[in-house]
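Please open the model in a viewer and keep the sequence at hand.

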Amino acid sequence: MSQKTNTISFTKAEKKRLETLERRYRKAARTQFEARVAYYHRITGGHYTSITIRDQKSRWGSCSSSGTLSFNYRLIFAPPIILDYVVVHELCHLTHMNHSKDFWNMVAAVMPDYKVHKQWLREHGQELTLEAHLTRIGIPLTL
C-alpha cells in the first residue's frame with residue numbers, strides 16, 4: 001500500500017483491507033478522470049496519448065511532452081470541482097507546455113474561478129488520503 005499512517009500499527013488483515021480499498025478507489029479515480037478528461041478535452045483541444053493514475057506525493061497531475069496525462073488518484077477524495085480543476089490544468093498543458101500568461105488565460109477561459117480551486121488544493125491537499133477519507137465517512141481503520 002502506498003500510504004502510511006505513522007500513528008497506527010495495522011495488522012496484516014487491516015493492511016490487506018486498506019490495500020483492497022485503495023485499489024477500488026484507484027479504479028474509481030480512473031473512471032472519473034477518463035470521464036472528466038473526455039468532457040473538458042472537447043473544450044480545450046490538443047492531443048493526448050494516454051491517461052495514467054498514480055499516487056504522487058508532491059503532484060496532483062502532470063502532462064508529458066508526448067501527451068501522457070497523469071493524475072493523482074487521491075483527488076478522488078476531493079470535491080469534484082477540484083478534480084475538474086486539475087483535469088483542466090493538465091489539458092491546457094497540451095497547448096501550452098508551461099505556466100505562461102497564455103497558459104493561465106486558457107485555464108481561466110475554461111474555468112474562470114480556477115484560483116479558488118487552486119487555493120483549496122494548497123490548503124486541503126494534505127487531507128486527501130485514504131485514511132482521512134475513511135475516517136471522515138465513518139469507516140474505522142482498524143478492525
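Which residue in β3 is the bridge partner of Thr-52? Select Thr-52 and look across to β3: the partner is Ser-70. The model is a predicted one, in which local features need pLDDT of at least 70, side-chain atom pairs count only at pLDDT 80 or more, and totals for chains, interfaces and linings use all residues. Residues are numbered from 1 along each chain as its sequence is written, and side-chain values use heavy atoms, with hydrogens and water left out.

**The whole chain**

Display the complete protein chain, whose secondary structure comes to five helices and three strands. Helices (H or I, at least four residues) and strands (E, at least two) are DSSP runs, numbered from the N terminus. From the N terminus on, the order of elements is α-β-β-β-α-α-α-α. The C-alpha trace spans about 50 × 30 × 20 Å along its principal axes.

**The sheet**

Next, select the three strands, which form an open sheet in the order β1-β3-β2 with mixed pairing; strands pair if DSSP finds at least two bridges between them. At the edges lie β1 (50–54) and β2 (61–63), each of which pairs on one side only. From one strand to the next, the twist averages 15°. Between β1 and β3 (residues 68–72), the pairing is parallel and runs over five bridges.

Axes are lines fitted to C-alpha atoms, for helices over the stretch in contact, and angles run from 0 to 180 degrees between N-to-C directions. Helix α2 (residues 80–92) also packs on the sheet, touching β2 and β3, and its direction makes about 155° with that of β3.

**α1 against α2**

Keep both helices in view: their axes come within 9 Å and cross at roughly 50°. This makes α1 oblique to α2 (angles under 35 degrees count as roughly parallel, over 145 as roughly antiparallel, 65 to 115 as roughly perpendicular and the rest as oblique). To inspect the contact, select Gln-32, Phe-33, Arg-36, Val-37, Tyr-40, His-41 and Thr-44 of α1 together with Leu-83, Asp-84, Val-87, Val-88, Leu-91 and Cys-92 of α2.

**An aromatic pair**

The whole structure holds seven aromatic pairs. Rings of Phe, Tyr and Trp (its six-membered ring) pair if their centres lie within 6.5 Å; planes under 30 degrees apart count as stacked, over 60 as edge-to-face and the rest as tilted. Select Phe-33 and Phe-71, a stacked pair with 4.4 Å centre to centre and 10° between the planes. Phe-33 lies in helix α1 and Phe-71 in strand β3, so the pair ties together parts that are 38 residues apart in sequence.

Move to helix α3 (residues 101–110), where the axes of α2 and α3 come within 9 Å and cross at roughly 135°. That makes α2 oblique to α3. Here Tyr-85, Val-88, His-89 and Cys-92 of α2 make contact with Phe-103, Trp-104, Met-106, Val-107 and Val-110 of α3.

Finally, select helix α4 (residues 114–124), which packs with α2 at an angle of about 105°, the axes being 9 Å apart. The two helices, α2 and α4, are therefore roughly perpendicular to each other. Ile-81, Ile-82, Tyr-85 and Val-86 in α2 meet Tyr-114, His-117, Lys-118, Trp-120 and Leu-121 in α4.

Conventions. Contact means heavy atoms within 4.5 Å.
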